[in-house]
Amino acid sequence: MTTTGPAALVMHNVSDDLEYYADLTTIVQRDAAAESATVSPASPGHLLSVDYPFAISKQSTPTPTAVIDYAVRNVSVALCHQPTGIPSVEEYFTAINLTGVTIFTVGAVIVAMIFYLYVDTLRCIIKNAPPMVKTHSAFILSVYPVVAVATYCAILVPRAHLLAEAMTQGMFMASMYQLFCLFMAYCGGEANLIASVKPQSLDMQVPPCCCWPCCCFLPKFTLTKKHLRHLRMLVLQLPVVQGFVYMVLLVMWAEEESLYQVNYMYMQPFIVISIICGMWGISMTMRVLGDILKDHSIQGKFVVLQLVLVLAKLQGLAFRGVVWAGWLPCKPPISPTVYANLIYNSTMLWEMLVLAALARKLYKKPLPDQCFVDPPKITCCVDMPSNQENNNIIAGTYNQCFDMNA
């Protein structure tokens, strides 16, 4: 009877392990290659290990430890090679720990506080504000709870981040046009505004276009109805253009996520040009209204609304750069993109709370007693024939004046 010694038994087990892990490595390599073929150039993978044949060639005999290490590393490649991967809700909640639960709880509390501030401010506006400004003010203030709810949904459902971004963008653009209408209502209408402004009050050299070399020679104009219509169109194009762009992006995302990722940067010029034109129009309008509505805090109301867009865009761009640079960890199924979106949305919630509090202070401030600009006095004078008591018309006329404002 042949007796197998301990050394031979060990060598037999090692040989079996080598064959097993070699097969595992081959399978992992094939799967990783298949997934890598679907990765877009906009999101290249991370190389976590060297090629297996090259590594093995450096060793006379592959050890079990080397084979196991290679297999584990390539499993990581298969899971983390795509930094923009977004897990499903089930995978997301499975990986959530105590920190995640804390973020969810604090986010819900912040959303509730924003709604309280909104309802309290809205109650004050309905009670005290003039009728012409109630609707516009209520719509503008609703941007904060709407953005907060959309952001909180993106925290709970990672794949809803693009929808939340589109909702934030669209709500801001619509609110910016409502702010323009609110300023017109403060003036009592376009006719009163045109009659009340000073000559040469329309200055085109205002931010964000005042720094362009081609704008330093632009003249000043006296505001007319045609100019006011052009200003309105500059602001009105914001929700139209932005809505169209995000509709295209959402269609791409619904068709294939990689298609959206590749074409996202190509849509940015349209978004930026639209925002610049809209901000230029509202800035020229505020320059015209500076002296007329100096007691209505129009500058502060514009800033607390504009910060919604500034914070959303700049922070979003910053966190995209962090993901592309590979500075965030990958702990499957939580990818670096999920970490970035979670930090971004949590920050946005706190910022919406601060902006909602500032907006509450501005819109609860009593408006001046004379909320609207006094319309100009228009007098019409006509020559009428004078009658005697017997209603016979006699020669001669007298001048009669009528107040057209009555």
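Ser201 sits in the loop that links helix 9 (190-196) to strand 1 (202-203). The model is predicted. The protein has 13 helices and four strands. Of its 406 residues, 40% count as buried.

- Ser201 is buried, because its relative accessible area of 16% falls under the 20% cut-off.
- Beyond its neighbours within four places in sequence, Ser201 is in contact with Phe221, Leu223 and Val288.
- Phe221 is 20 residues away from Ser201 along the chain, yet the two C-alpha atoms are separated by 6.3 Å.

**Ser175 in helix 8**

- Ser175 belongs to helix 8, which covers residues 161-186.
- Ser175 is buried, with a relative accessible area of 0%.
- Setting aside residues up to four places away in sequence, Ser175 touches Phe139, Ile140, Val143 and Leu305.

**Helix 5 against helix 7**

- Helix 5 spans residues 98-128, and helix 7 spans residues 143-156.
- The two helices pack at an angle of about 170 degrees, and their axes are 9 Å apart.
- Angles over 145 degrees count as roughly antiparallel, and helix 5 and helix 7 are therefore roughly antiparallel to each other.
- The crossing of helix 5 with helix 7 is left-handed.
- On the helix 5 side, the contact is made by Ile103, Phe104, Gly107, Ala108, Val111, Ile114, Phe115 and Tyr118.
- On the helix 7 side, the partners are Tyr144, Pro145, Ala148, Val149, Tyr152, Ile155 and Leu156.
- The residues of this contact divide into 14 nonpolar, one polar and no charged.

**Segments annotated in UniProt**

- An unreviewed UniProt entry lists "transmembrane region" for residues 92-118, 138-157, 177-195, 234-254, 266-290, 302-327 and 339-359.
- In the model, residues 177-195 are 84% helix and 0% strand.
- The end C-alpha atoms of residues 177-195 are 22 Å apart.
- Residues 234-254 are 100% helix and 0% strand.
- The end C-alpha atoms of residues 234-254 are 31 Å apart.

**Contacts across the chain**

- Among contacts in the protein with a separation of 6 or more, 78% join residues 24 or more positions apart.

Methods: Residues numbered from 1 in each chain as written. Predicted model: local features only at pLDDT ≥ 70, side-chain atom pairs only at ≥ 80, totals over all residues. Heavy atoms only, no water. Axes fitted to C-alpha atoms, helices over the stretch in contact; angles between N-to-C directions. Parallel < 35°, antiparallel > 145°, perpendicular 65-115°, else oblique. Left-handed = near helix turned anticlockwise from the far one by under 90°. Contact = heavy atoms within 4.5 Å. Nonpolar A, V, L, I, M, F, W, Y, C, P; charged D, E, K, R; others polar. UniProt positions renumbered as here; feature names shortened; annotations may be inferred. Buried < 20%, exposed > 50% of the residue type's maximum accessible area, 1.4 Å probe, protein only.
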